[in-house]
Amino acid sequence: MPHLTTVAGPLPVSAVRGPALSHEHLVVDLDRTGDGAAVLAPGRHLGAVTSELAALRAEFGLSLIIELTCRGMGRDPRALARIAEESGVAVVAATGWYYEPFHRDEIGGTPVDRLTATLVREITDGLDSTGIRPGVLGEIGSHGDRPSEPESRALLASAHAALATGLSVATHAQLGRGGLAQLELLTGTGLAPHRISIGHQDLLDDPAVHRELAASGAYVAFDTVGKESYQSDDTRLRLLLALLEAGHADRALLSCDISRHGYLESEGGQGYGHLFRSFLPKARAAGVDDDLIDLMTRRNPLRFLTGADPDNAAESDTDTEVI
């Protein structure tokens, strides 16, 4: 039976009975200006994050968070383990590198094989000397229509690490751009498209690109739901409905990408629950039924992580026993 690797250890996919958020941050530090806005700090915000997740578990059955804070983004595996334990929501942690402005010095001119070794070591031995193992590579970043040279090396290293360990790769495509180039680079290593999620596609108003990504077998992440300053949810819904109407519901992933404390409900933001409380009711009103919602919020995230059909444990990739 396929398993997920969570911050609490192996978890059978059959134990995930409720929805998942496929791209979130529970602890993060993206502050480049000193104003402290792009931060979720364990010392200040852990209680609010935990309370939100626990409430969503009680109200909507939230079962899983794919937490994509990686190297250079303020990752804190111990804080993730505490949030998971106290909220009752399973958390999958990540390794990899974000896009170039957030690269650590270790990227520099380091060749792909050495970067790959760094990732494989974290996947095998655990994050930051904690023994807590990541269950996904992400959010592996690029900006612009094509990855920069350092971003290309980070993407290639992630693909090679995925092939070596059986994990999947979730990307950050800045403002939705460059997803096809990311996919080309990743699949050029031999990594199967269905082990790849291309991020932030709800910020790109280009249904043709979404169809092309989905037709390849990759997942199309509509993962900034509720971030109205970037894109309206009405536009997101229009783009999602177009993808569904094109027959690609089995490649859609949904999430909110909470990445600063001002987005928390306790600070007047939309919170992690915006997907369930606002966006999905609008999708239902537009004709999206409960089976499709379960597909996009539970079965697709689980299949992305494992390569296996979560409702048919006998079907799995040869590389999906990731425990």
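1. Buried means under 20% relative accessible area, exposed means over 50%, and partly exposed lies in between, with a 1.4 Å probe and protein chains only. By that scale Pro42 counts as partly exposed, at 32% relative accessibility. Of the 323 residues of the protein chain, 60% count as buried.

2. This is a predicted model, in which local features need pLDDT of at least 70 and side-chain atom pairs count only at pLDDT 80 or more, while totals for chains, interfaces and linings use all residues. Residues are numbered from 1 along each chain as its sequence is written, and side-chain values use heavy atoms, with hydrogens and water left out.

3. On confidence: pLDDT is the predictor's confidence in each residue, from 0 to 100. The protein chain has a mean pLDDT of 95, and 97% of its residues reach 70 or more. Residues 318–323 have pLDDT below 50, yet this stretch has 21 contacts in the model beyond near neighbours in sequence; contact means heavy atoms within 4.5 Å. Where pLDDT is low, the predicted coordinates should not be read in detail.

4. On the overall fold: the protein chain has nine helices and 13 strands, these being DSSP runs numbered from the N terminus (helices H or I, at least four residues; strands E, at least two). The radius of gyration is 18 Å, close to the 20 Å that the globule rule gives for 323 residues, so the protein chain is as compact as a globular protein of that length. That radius is taken over C-alpha atoms, and the rule is 2.2 Å times the number of residues to the power 0.38. Along the principal axes, the C-alpha atoms fill a box of roughly 50 × 45 × 40 Å. Among contacts with a separation of 6 or more, 75% are between residues 24 or more positions apart.

5. On the largest pocket: its space is about 400 Å³. A pocket is an open set of points on a 1 Å grid over the protein atoms alone, where a 1.4 Å probe fits, with protein on both sides within 12 Å along at least five of seven lines; lining residues have an atom within 4 Å of a point. Points are joined across faces, edges and corners, and a volume is the space filled by probe spheres set on them. Of the 20 lining residues, Leu30, Tyr98, His172, Tyr230 and Ser259 lie nearest the centre. The lining has nine nonpolar, six polar and five charged residues; Ala, Val, Leu, Ile, Met, Phe, Trp, Tyr, Cys and Pro count as nonpolar, Asp, Glu, Lys and Arg as charged, and the others, Gly among them, as polar.

6. On the second largest pocket: the volume is about 160 Å³. Its lining has five nonpolar, two polar and five charged residues. α9 gives the most, with five residues. Phe60, in helix α1 (residues 42–60), is one of the lining residues, which also include Pro19 and Phe276. Phe60 is partly exposed at 28% relative accessible area, and touches Pro19, Phe276 and Arg277, not counting residues up to four places away in sequence.

7. On two further residues: Pro42, also in helix α1, contacts Val27, Asp76 and Ala79, leaving aside neighbours within four places in sequence. Asp257 is in the loop between β13 (252–254) and α8 and is buried, with a relative accessible area of 7%.
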